[in-house]
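Here is a short report on one protein chain. Look over the sequence and the structure before reading on.

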Amino acid sequence: FFPQVDSANAGRVLASDAAVFLKKSGLTDLVLRKIWDLADTDGKGILNKQEFFVALRLVACAQNGLDVSLSSLNLPVPPPRFTDTNSPLLLSGTASSDVPWAVKLEDKAKYDAIFDSLNPVNGLLSGDKVKPVLLNSKLPVDILGRVWELSDIDRDGMLDRDEFAVAMFLVYCALEKEPVPMSLPAALVPPSKRKPISVPGAMPLIPSSASTKESHQSLPPVGILAAKTPLTQ
């Protein structure tokens, strides 16, 4: 990413150039301003390579729902994503067929067994059938809401066998204290769902904002979240 912003090969990045690039992260101006303030330690309006790396790491933290703070720098997060065709990682989430699926074969077999035990109809499980399995994980309802959004890739309010495997994969990751991403990583898109165009389920879920207080406006129609949860936001 650094050579893209430091086109003059000066070993530093000006605030104006960095602002244009960081805006492609899809984060709000408020979050980006905080990231800049933390990265630009001496307040000169210029970032050296190390400071730019700090900014990138903080972008990744924000995109994965972590606090934008120096204490988050050592937490394990995927690389940041930017909506730019020249970037190594596209936010559009186009998964080429040669990217191995993150769900291992032996895990997929376990997830398939659970899927079949829930009596799918025409190869699909409704939200009503998936809900008890998700709630059984005892994960916070906002996390479960995000798991549903990410796994229902075709947005039909139902999960097929592969989408269910994605949901189970994300649940187990969350139980291992790994952050649930804000958008579906390319490696998690099932091979059956991969197309040359961008995958709907991998688009940013929160328009221009990946703050930790995002409101889940596209809740599953059957209410994966408990009915008593206030949804006024």
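## The model and its EF-hand segments

This is a predicted model. UniProt, in an unreviewed entry, lists "domain: EF-hand" for residues 27-62 and 139-174.

Residues 27-62 are 69% helix and 8% strand. The C-alpha atoms at the ends of that segment lie 8 Å apart. Residues 139-174 are 69% helix and 6% strand. Here, too, the end C-alpha atoms are separated by 8 Å.

## A salt bridge between Asp42 and Lys44

The model has 9 salt bridges. One of them pairs Asp42 with Lys44, with 3.8 Å between the closest N and O atoms.

Asp42 has 44% relative accessibility, so Asp42 counts as partly exposed. Lys44 counts as exposed because its relative accessibility is 63%.

## Arg161 and its partners

Arg161 forms a salt bridge with Asp112, at 3.9 Å from N to O. This pair links distant parts of the chain: Asp112 sits in helix H5 (residues 105-117) and Arg161 in helix H8 (residues 161-175), 49 residues apart. Are these residues buried or exposed, or in between? Asp112 counts as buried, at 16% relative accessibility. Arg161 is partly exposed, at 32%.

Arg161 also forms a salt bridge with Asp116, where the closest N and O atoms are 2.8 Å apart. That pair again joins helix H8 to helix H5, across 45 residues. Asp116 is partly exposed, with a relative accessible area of 38%. Through shared partners, salt bridges join Lys108, Asp112, Asp116, Arg161 and Asp162 into one network.

Conventions: Residues are numbered from 1 along each chain as its sequence is written. This is a predicted model: local features need pLDDT of at least 70, side-chain atom pairs count only at pLDDT 80 or more; totals for chains, interfaces and linings use all residues. Side-chain values use heavy atoms; hydrogens and water are left out. UniProt positions are given in the numbering used here, feature names are shortened, and annotations may be inferred rather than shown by experiment. Helices (H or I, at least four residues) and strands (E, at least two) are DSSP runs, numbered from the N terminus. A salt bridge is a side-chain nitrogen of Lys or Arg within 4 Å of a carboxyl oxygen of Asp or Glu. Buried means under 20% relative accessible area, exposed over 50%, partly exposed in between (1.4 Å probe, protein chains only).
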